[in-house]
Amino acid sequence: MSDNTTTRERKHFIEEIIEEDIATGKHDGRVLTRFPPEPNGYLHIGHAKSICLNFGVAQTYGGKTNLRFDDTNPTKEKTEYVDSIKRDVQWLGFEWDGEAKYASDYFGQLYEFAKKLIRDGKAYIDDSTAEEIAEMKGTPTRAGTPSPYYSRTVEENLDLFERMKAGEFPDGAKVLRAKIDMASPNMHMRDPVIYRIKHAHHHRTGDAWCIYPMYDFAHGQSDSIEKITHSICTLEFENHRPLYDWCIENLEIFPSKQYEFARLNVNYTITSKRKLLKLVEDGHVTAWDDPRMPTISGMRRRGYSPASIRNFCDKIGVARRENVIDVSLLEFCVREDLNKIASRVMAVLNPVKVVITNYPEGQLEQLEIGNNPEDENAGTRQVPFSREIYIERDDFMENPPKKFFRLGIGRNVRLKGAYILHCEGVKKNAEGEVEEIYCTYYTDSKSGQDTSGVRAKGTLHWVSVPHAVEAEVRLYDRLFLDESPAGHEDKEYTDFINPNSLKVLDTVYCEPHLKDAQVGTYYQFLRKGYFVLDTDSSEEKLVFNRTVTLRDGWAKKGKKK
RNA sequence: UGACCCAUGGUGUAAUGGUAACACAAAGGUUUUUGGUACCUUCGUUCUAGGUUCGAGUCCUAGUGGGUCAACCA
């Protein structure tokens with residue numbers, strides 16, 4: 001799995017920084033990173049980039065990575081999210097160092113840090129309302145004004161802070177602010193709020209606390225407490241870095257350093273926990289793990305392999321430039337991996353019956369068919385063949401163009417792993433639709449022992465009618481019709497939801513092998529795409545998700561016209 | 001009209017002062033018992049203008065364009 005710098009010789013800037021630090025003996029060459037999610041939602045593909053980066057560089061340089069939950073806002077965080085995050089990180093193939101950690105583990109320590117700041121005259125209690133504080137902050141182009149509470153004595157501040165902790169004041173009555181610089185061009189340095197009152201139940205500390213540190217007073221300190229060497233985060237925290245450094249410096253604690261990289265954007269996709277939550281809450285999707293969601297759990301259910309996501313994260317690179325990755329790269333990565341590992345099976349999605357008129361009634365052959373041409377060790381399986389089979393309705397045309405390599409009256413076609421068929425005619429219903437196709441087969445054209453000398457340009461997949469296993473198949477299309485659903489000022493991203501993002505096929509005929517399909521096994525339905533068993537499946541009913549189609553040169557050609 | 005950051009094919013990422021490379025996408029072709037896979041070919045005035053240098057995508061200056069920041073969110 002450390003396919004990081006083994007397959008990719010190019011180093012990104014984070015790796016260069018680490019190599020430089022190792023070369024100069026910083027932290028004795030020790031590398032410790034961390035992945036710090038807030039447990040307020042499910043992880044998505046954007047987090048996968050961060051996970052692969054943080055765990056990846058640690059692996060490359062012989063270091064470790066902590067999993068630390070940034071749980072300083074009790075009103076938004078839940079154990080459900082903690083559990084899902086752990087599961088997703090593990091599924092992606094990464095192992096964090098020791099036990100999972102929590103910013104809330106450090107609430108006691110953080111409280112002491114705050115008191116030190118107060119004692120040093122570097123923090124004060126402010127009784128102003130949120131609105132007043134916002135007003136006093138000024139704007140990026142206009143300096144802020146000092147708070148009327150700026151000059152409280154150390155004793156008074158200490159007393160007030162202890163009484164805040166003791167629960168004497170209601171939410172919002174007071175905050176603790178760092179004393180930095182109300183005229184700083186960096187808004188984050190204008191006496192940032194570092195502690196606030198929230199009489200809320202915390203998912204881990206319960207009711208032990210009613211004051212909670214803000215992100216800026218928890219994150220860097222948590223890094224420092226854990227002796228994180230490289231604290232890697234996304235670009236939007238860049239303006240926080242001076243405050244990150246200020247806290248560490250004034251608290252005189254371990255000097256973790258923050259480095260920022262550009263977050264992942266994928267076209268036709270949203271990567272915002274808040275927006276994804278709304279999709280779930282408003283019922284646009286069934287759940288966080290709906291296969292149309294760009295969440296790790298959704299992609300897992302959809303049939304993405306962990307390796308495909310890791311490879312994707314490796315291919316997109318790491319830089320400081322805003323970027324939009326083409327969703328087709330993600331599809332390429334999943335096809336690339338699944339092509340190597342998926343078992344080939346046959347399933348007919350949109351069936352029409354073929355009767356092979358010269359094949360004896362009641363005769364049955366078990367044909368041995370290879371499981372994966374890309375993998376010699378994948379072995380073979382037996383597939384029953386009989387007089388009546390299903391093929392795709394699309395694979396027959398009454399008046400085919402000359403470039404159509406499939407079945408048409410008077411034409412030949414190879415059945416995968418079986419015989420060459422010659423089409424004799426069709427039966428239609430009252431509406432003029434083809435109801436049955438009649439063929440003869442070349443008796444000496446059996447796959448692997450073909451002595452017929454007959455040529456067939458196309459090869460079709462098929463399923464024997466009496467042996468067919470029924471299944472439901474769910475076909476997915478992109479969830480949004482617009483390349484940048486969240487990028488329009490005048491429109492909501494929900495305005496671009498694709499009404500046809502899910503298409504359910506109720507009756508698909510599968511070869512009998514699929515009766516024993518398991519969740520987590522990757523299949524290629526021959527010529528149709530990659531599929532996995534969905535978790536909605538039961539003893540009575542098989543449900544498959546289409547992960548992604550195969551590349552289709554024929555369909556592409558058709559579209560061009 | 002403040003601070004900080006960024007600018008290389010359609011999309012990403014390299015090139016660390018010395019021939020602009022790799023991948024995806026697109027288009028064309030070869031092979032094929034998956035119209036899949038594999039393989040081959042095509043696709044760039046490195047944002048602009050000055051400067052430094054024998055030599056600049058790279059360094060400097062200015063401009064232009066884009067991003068982030070004014071939550072008691074993270």
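Biologist: Which residues of α3 meet which residues of α12?

Modeller: This is a predicted model, in which local features need pLDDT of at least 70, side-chain atom pairs count only at pLDDT 80 or more, and totals for chains, interfaces and linings use all residues. Residues are numbered from 1 along each chain as its sequence is written, chains are lettered from A and ligands numbered from 1 in the order written, and side-chain values use heavy atoms, without hydrogens and water. With contact meaning heavy atoms within 4.5 Å, I45, A48, K49 and C52 in α3 meet I309, R310, F312, C313 and I316 in α12.

Biologist: At what angle do α3 and α12 pack?

Modeller: Axes are lines fitted to C-alpha atoms, for helices over the stretch in contact, and angles run from 0 to 180 degrees between N-to-C directions. The two helices are therefore roughly perpendicular, a class that covers 65 to 115 degrees. The axes of α3 (residues 45–60) and α12 (residues 306–316) lie 9 Å apart, and the angle is about 75°.

Biologist: How many of the 16 residues of α3 are buried?

Modeller: Buried means under 20% relative accessible area, with a 1.4 Å probe and protein chains only. Helix α3 is largely enclosed by the rest of the structure, because the number of its 16 residues that are buried is 14.

Biologist: Is H219 buried or exposed, and what does H219 touch?

Modeller: H219 is found in helix α8 (residues 215–225). Its relative accessibility is 4%, so H219 counts as buried. Not counting residues up to four places away in sequence, H219 touches R34, P36, R68, D70, S231 and Y244.

Key: Helix = DSSP H or I, 4+ residues; strand = E, 2+ residues; numbered from the N terminus. Parallel < 35°, antiparallel > 145°, perpendicular 65-115°, else oblique. Buried < 20%, exposed > 50% of the residue type's maximum accessible area, 1.4 Å probe, protein only.
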